[in-house]
Amino acid sequence: MSTTVDFPIHNPVEDILRMDRIPTIWCPGCGIGTSVNSFAYALLSTGIELKKVAIVSGIGCSGRVSGYTKMDSFHVTHGRAIPFATGLKLANPELTVVVYSGDGDLTSIGGNHLIHAARRNMDLLVVCVNNMIYAMTGGQAAATTPGAAISTTTPYGSFEPELNIAHLVDAAGASFVARWTVFHVKMLEKTMKEALSKKGFRFIEVLSPCPTLYGRRNNLADGLAAMKDYKERSKIRNGAPTHETALVQGGEIVVGKFVDRERPDYLTLMRQQLGANYHPLPPQPDENPEAGVAKEDCCSC
Amino acid sequence: MARGSVAVTTERCKGCGFCVEFCPTKVLALSSAFNAKGYHAPYMEDPDKCSGCNLCGMYCPDFAIYGYRFPKETGEPAEGKQQ
Amino acid sequence: MTHANPNSVLTGTHFMNGDAACCEGLLAAGARFAAGYPITPSTEVVERFAARTPKTGGLFIQMEDELAASIAIQGMVWAGEKSFTVTSGPGFSLMMEHIGYAAMTETPCVFVDVQRGGPSTGLPTLPAQGDMMQARFGSHGDYLTIALVPDSPQECFDLAVESMNLAERFRIPVMFMMDECVGHMTEKVVIPPAEQIPVYPRRRTTKKPGEYLPFAPGEDLVPEMAHAGEGHGLFVTGLTHDDRGYPLMNPAQQHKLVNRLFDKILRAADDLVMVEEEGMEDAEAVVICYGITSRVARRGIQLAREKGHKVGLMRLKCVWPFPEKLVHGLAGRMKAIVVPELNLGQVVLEVERCAAGQCRVIRLPHAGGTVHKPADIVAAIERGMA
Ligand code: SF4
Ligand code: SF4
Ligand code: SF4
């Protein structure tokens, strides 16, 4: 049997990727790419027009996802993917806006934005790839690093308890909160699909191995070892109260869909409250006569 | 008799072994050969068992493998059919 | 150029403060969306905007901090809108990273800074002009920007329109440098009919997806823009990037990109000389000033003229880019240049550089909290003429 089967077979994941930028910069056994597969299948199965999807990332290994996806992608400053996405969504509500970023980016430097976007129930899907470490900068402790874990800035183990992100966003009012690991590719796909079809602030945490900077310091020699560890330690508990889902080192990894509540999102609430006082998008004069393109002609925004 | 097969883009593979480990019917193994970057890409050690379920593709972080089903009648690869 | 949308223009003669006039100017210039975070003495701008927007079809969102506000507006811009944020000293400091992001990603937007005394919390309710160098150099790395400085509520309107127009023309963040006095001063403001307010439209591409290179410079070195949702598959990053927008991190591309970001403004530097001159015909000395300080300078000049000194006034409406040639030429003809400012010496550094020793440059620093006394200006003029 040859190692390569070279049929004219089309992998649908490629429909959402910038193939001219593949291979990725991610390390062997890094789980970020695996989460992208689940996302790709979920997105494609919703039938949402790809040109109406925008992906926003902050800085970090997971922050590179936006750059590998073919949709309109924005790689913004560290921690600020959510507020950028907020502006994008508010000014063009037709867009499906997805924030795809890492735990350090979204919960530490960007933690304030996470809380407030959840509180506002901003209509965004936030995928938080949690590798429990600052990877891009070389393996420093993050807010999500489980207490006692070794990192380059906690050589004797971390002295801080870890943040339970699911609990935080639930408390702040998110419409939808779920957690999976990249071992759970199919469940993750299903949950992403469900979240994509819902309105409001939707948060999916995806545990993902960082063999290079987390695993090898914490008895998980490579990506595969981490995946097997996820398989062993995960327990599916849909609807689990989020305060029972903390991720402690070596403990149970509670996964599943924790929160799915109905709450009007920011724009819906605004329209409801303003009622007849709100005049959405009054006609603008021809915006670019030189180019001969009126706004209505070139897009429906 | 195999119901499917896999397409491997050897040069994208980083040899993580996810596909090998999580193939439900244990079709794959990592080759002893190296690709240009020095990684061992997978090959079908037991091709008859492949169902074309593409779980290997779902796990592959580097978009290097894709499992597809044969159409029932012809035994030829079917474009655009997956999952 | 096109003109303002009548929906957003409050044509007429008004009695309003500078903050309100600034808001009306930005609305007239086409901003329907804005984000901000409350900070004295700037908040009136967005308070008014929040009240005005439901009628103009946009919205104002109060974000959780200035970091969020200064990047949310950029999301609004990439969605196809014109946008701005408003702040004051401490908030301006927090926004610096996103001024750099806007410069790097060529995102047109306006940052309004209603200056107050600093450093740090300083004097929240009192004026200063201490952020002038920050407006030029505040974000890390190399970039150029444009900074306009109004000296009256009328100009808060006029120059706010101009700020947005320049942001669109060059695809840059423009700094609109007000101060507490100008912001809170109430005067007559005449807002012309919409069709008399020129508005620079978004430089949208007419190219089809596939043909369009989002960061390929046009003739004037400014790329055409497209927005999210139009099918171009944009990739926008703060990393050094190529014409497609893809990261390309090497010295050659860095050199090419950063130089272009400078050159697109430098090439047009002559268009950006915006000054008001008074009594320059017979002047032997000149007071170079900007913003609120120019109102005191006028009185000082009047008093100096009464004492027989031939002094003129040159008020900079656009401080960055600095009118180098103009000031250099002026220095060759003058005995002295007096530079009063509500800081301990910022724009005067540029005046000294451009004067290049041709004439005396008299610094007239002031730490802020109030304005200079006209007598201080007279004394400085006399020192220069002595
Ligand atoms: S450093 Fe860690 S998170 Fe980053 S690409 Fe490598 S394995 Fe993935
Ligand atoms: S397609 Fe399914 S059965 Fe075939 S190799 Fe891949 S995982 Fe195994
Ligand atoms: S999962 Fe992908 S990268 Fe990993 S060994 Fe298999 S084909 Fe290679």
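Helices (H or I, at least four residues) and strands (E, at least two) are DSSP runs, numbered from the N terminus. The model is predicted: local features need pLDDT of at least 70, side-chain atom pairs count only at pLDDT 80 or more, and totals for chains, interfaces and linings use all residues. Side-chain values use heavy atoms, with hydrogens and water left out.

**View 1. Two cis peptide bonds in chain C.**
Pro41(C) sits in the loop between β3 and α2 of chain C. Its peptide bond with Thr40(C) is cis, with omega about 5 degrees. A cis bond also joins Gly118(C) and Pro119(C), where omega is about 5 degrees. Pro119(C) belongs to the loop between β6 (109-117) and β7 (123-127) of chain C.

**View 2. A positive phi in chain A.**
Asn219(A) is not a glycine, yet its phi is positive, about 60 degrees. The residue lies in the loop between β6 (202-207) and α8 of chain A.

**View 3. The interface of chain C and chain A.**
Contact here means heavy atoms within 4.5 Å. Two pairs of chains touch, and chains A and C make the most contacts. Chain C gives 55 residues to the contact and chain A gives 56 residues. Together they bury about 4400 Å², 57% of it on carbon and sulfur atoms. Buried area is the accessible area (1.4 Å probe) that two parts lose on being put together, summed over both. In polar contact are 18 residue pairs, both residues at pLDDT 80 or more. A polar contact is a pair of N or O atoms within 3.5 Å; within protein, one must be able to donate a hydrogen and the other to accept it, and residues adjacent in sequence count only if both atoms are side-chain atoms. On the side of chain C that touches chain A, the elements giving two or more residues are β1 (2-3), β3 (31-36), α2 (43-56), β4 (59-62), α3 (66-78), α4 (89-105) and β12 (235-237) of chain C. The largest share of that side, eight residues, comes from α3(C). By class, that side of chain C has 25 nonpolar, 20 polar and 10 charged residues. Ala, Val, Leu, Ile, Met, Phe, Trp, Tyr, Cys and Pro count as nonpolar, Asp, Glu, Lys and Arg as charged, and the others, Gly among them, as polar.

Side chains of opposite charge can pair when their charged atoms come close. A salt bridge puts a side-chain nitrogen of Lys or Arg within 4 Å of a carboxyl oxygen of Asp or Glu. The interface of chain C and chain A has two salt bridges. Glu64(C) and Arg120(A) form a salt bridge through their side chains (2.8 Å, N to O). Two strands pair if DSSP finds at least two bridges between them. Phe74(A) has Val236(C) as its bridge partner in β12(C).

**View 4. The interface of chain A and chain B.**
Here 40 residues of chain A contact 35 residues of chain B. The two chains bury about 3100 Å² between them, 64% of it on carbon and sulfur atoms. Two salt bridges link chain A and chain B. Glu21(B) and Lys228(A) meet through their side chains in a salt bridge (3.7 Å, N to O). On the side of chain A that touches chain B, α1 (32-46), α7 (185-196) and α8 (223-233) of chain A each supply at least two residues. The largest share of that side, six residues, is from α1(A). Chain B and chain C have no contact, and their closest C-alpha atoms lie 19 Å apart.

**View 5. A salt bridge within chain C.**
Asp151(C) and Arg298(C) meet through their side chains in a salt bridge (3.6 Å, N to O). Asp151(C) lies in the loop between β8 (146-148) and α6 (153-170) of chain C and Arg298(C) in helix α9 (residues 293-306) of chain C, so the pair ties together parts 147 residues apart in sequence.

**View 6. The surroundings of ligand 2.**
A residue is near a molecule if one of its heavy atoms lies within 4 Å of it. Around ligand 2 are 14 residues, and the closest are Cys23(B), Cys50(B), Cys53(B), Asn54(B) and Cys56(B). This shell has nine nonpolar, five polar and no charged residues.

Notes: Residues numbered from 1 in each chain as written. Chains lettered and ligands numbered in written order.
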